[in-house]
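My notebook is open, and I'm going through this structure one piece at a time. Have a look along with me.

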Amino acid sequence: MFRRPVKEINAEFLAEEKYLDSIQRTARESCIAASMSRKDTASVLLAIEEGATNIIRHAYLYEKGIIRLRIVIYKKLIVFSLIDSGRSFQPSGTGALDLEQLVESGRKGGLGFYMIQKIMDSVEYISTASFNELRMIKHISAPSPIGHTFLRRLFTLRVKFSVWTFIIMCVIIGASIYYFDYRASKLMYTHKHETVQALSKTIADQAAGYFINRRSDVEFDELIVSYMRANPELKLIVLTDSANIIRAHSDDIRNIRRPYRVPEQVSADTIGVPQPVTTEFEKFSYLVTPIRAGERLLGKVHTTYSTAGIYFRLTESRRSIFLLTVVLVVFGILGIYLLSNYFVSPILNITRRVRRFTSGEMETELPLTGAEEFFEISKAFNQMMTRLSQDQRNVVEREKLAKEIEVASEIQKTLLPRKLPEVPHLEIDALYRAASVIGGDLYDIFKISEERYCLAVADVSGKGVPASLVMSILRTVLQIQAAEETSAKKLLTRVDGYLSQNIPTGMFITIFLVIYDAETSRISLVSAGHTPMLFYDASKKAVDKVNPKGLPLGVPLAEGRSFEESLEELVVKLNHEDMFLLFTDGITEARGRDNSQFGMERLTAFFESYLNEHAAEPVSNLSEALVNQLDDFTGFAKAADDVTFVVARCRRCVKEPVSSESDIQVKKLREKEH
Amino acid sequence: MDNISISLLEGGRTEISEIRVDGVIDTLTATQLEDVLDSLLKRDRYKIVVDLAGVDYISSAGWGIFISHIKDVRARDGDIKLASMIDNVFEIYELLEFDNVLSAYASVDEARNAFGGSGDDQKKKSEG
């Protein structure tokens, strides 16, 4: 439909009235870039604002939303598209709106659309299931400067080159013609003058003899007539004596013995130098030559001669020179054209390729031909393009990755409990700190019934979106199944049964699950291949590792083995001040500055010493201290893995007889450990 | 974000009210102008000159105020006269063919004078 666009701009804005300014600013820049006239720009901006306002009001009804502005600049028109994903609204009046109606109705609605239609040359409203587009087209009335610059870019170099070469050529030809012509004519005139001077001298010498010998007038006359005959360029010879009386006159013999009057333009006293005389029809030279006998002046020879012959000869030669020049110039122009082609075409070629490249054709390579300089440019350009397209691919990759991280962290956010539930007699704190790349850690603490609560820490193998999705499945399944099952072991078995069918092969989950019974103060524990729990026995002031056996969730089992059988369930009776810490390997495997691991021993030691020193402090202090300890150790290096832990302390002040059963359990636990 | 200022001038003896607007009349600011206009109409003041010399930009919300009231105002022998629009605004006014509906004057005085005749008539009528 249109020719290739010159430029396309895409921008997104929040659908709020305070962003109308930004929308207009973007549109204004495009209008200026397309060199739309100031008047048109003002009205177009108005129309854009109206369109955007309509979207905010009618499509999104002031709710949250995005307005996408797409501006496509063509040579002679701009297409503005306002795209939204809100409610589709048919602009009132569907185009046939007129001002009279508006005034008549006294309503304001529809005025915006009326204005858009008045301002724009063409308006279309496209509504699909997923988006609405208000497409407005405005012609650019002034000749587009982009077209201009395009032309300039294409032709300037050539035209500049040609014009300058032509000018230089003309100056050189003109100057040389002028120089040679000047020299030639000067030479010819000088020669002529010299000839006439010599001739006049001869006449004067002869006349001197005639004066001395007192020759008759007839003899004088014969003298000059003979010279006149011999030299056709001579027009007039007049001989005067010392008293300026004419002794011989080549034109009219009757002038003899009369005083001589020189023509007005010359002086009789200017001796030996040709003087120009101009009559109505012709130009002459006038020469006065003295007639001397020794030092005595006897008279003067006045010679008038024509230089027209030279003039004609010069004109003739000039004509042929002119013809030659014309031929030269024609050939010169041809040469310039070919030369400019030779120089400009590689540049045009590069330009064309670059343009193709910018329009998205990445695979363009410049042929490595032409002069050395162009060869270099082409090479540099090819390198640049390769780099660019590589970079672009990297950017696309990076964006994909960034998007994935964004999605994963979005999911992750929804995974963690927003608020820790109140658990009777249990003081709980939990922490999740994501590594730079979203990992697959999870903790969850939720209420199953009035007395029973579930505390879990899990770690999914792998990172990113898949891990996050599996986490989200795990959490959902755990919460749903928890209501059904009373024992931790059975619950985890149910969860495994569901998950093993629904998670990608190769992915597995380790989880430490604790079910706390508030009534009996017992916790039952199962671990599916997870790192051990740390248990602080307040009466002994000692920390133990608690590590019930169990396979991770989602691991394919060997023939004859069942997940349920692999699980060992432990029950521990909590006494006042007893504490337990659930965590993921992000803590124990944290790397220190010397690349050593934080390790289980360090954690156990920290836990024990801290609790013995700060027994009365709230558990949140413990989490803080743990995090600080960890950061001290890693030196704030970027954590490679997530850090997740849940810590809980029993706050049962009611003294009740310590049941022997629980003691046995704990003892049994310790035996297992050692 | 409030880039509008409106001042109201109600000459004691004349029936003409003058609204002077400075700034931008857009979606965000138009209500302020409408409030002022409404307050005039409520007090039966229908001869209104709007001095737009200080207005850089009027969006549909702004034009809508004038367009939506003009019929009622004229029905009561009044008018809304726009005065001293800057070039940018006047070009839009012409482009949108509002000149068919709203009258515009180069200056406030011209707009006031345009009321002159009918204003006096009104006065005489009411006196008589």
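I started with the sheet in chain A: five strands, open, antiparallel, in the order β1-β2-β3-β5-β4. I take strands as DSSP runs of E with at least two residues, and helices as runs of H or I with at least four, numbered from the N terminus; strands pair if DSSP finds at least two bridges between them. β1 (7–14) and β4 (122–127) of chain A sit at the edges with a single partner strand each, so one side of each has no neighbour in the sheet. From one strand to the next the twist averages 15°, where axes are lines fitted to C-alpha atoms (for helices over the stretch in contact) and angles run from 0 to 180 degrees between N-to-C directions.

A note on the source: this is a predicted model, in which local features need pLDDT of at least 70 and side-chain atom pairs 80 or more, while totals for chains, interfaces and linings use all residues. Residues are numbered from 1 along each chain as its sequence is written, with chains lettered from A and ligands numbered from 1 in the order written.

Next I checked β3 (residues 77–84) and β5 (residues 132–139) of chain A, which pair antiparallel over eight bridges. Leu77(A) has His139(A) in β5(A) as its bridge partner. Helix α1 (residues 20–33) of chain A packs on this sheet, touching β1, β2 (66–73) and β3 of chain A; contact means C-beta atoms, placed from the backbone, within 7 Å.

Last, I looked up the contact between the chains, which takes 21 residues from chain A and 21 residues from chain B. On the chain A side, α2(A) gives the largest share, seven residues.

Terms used:
Two residues are in contact if their C-beta atoms, placed from the backbone, lie within 7 Å.
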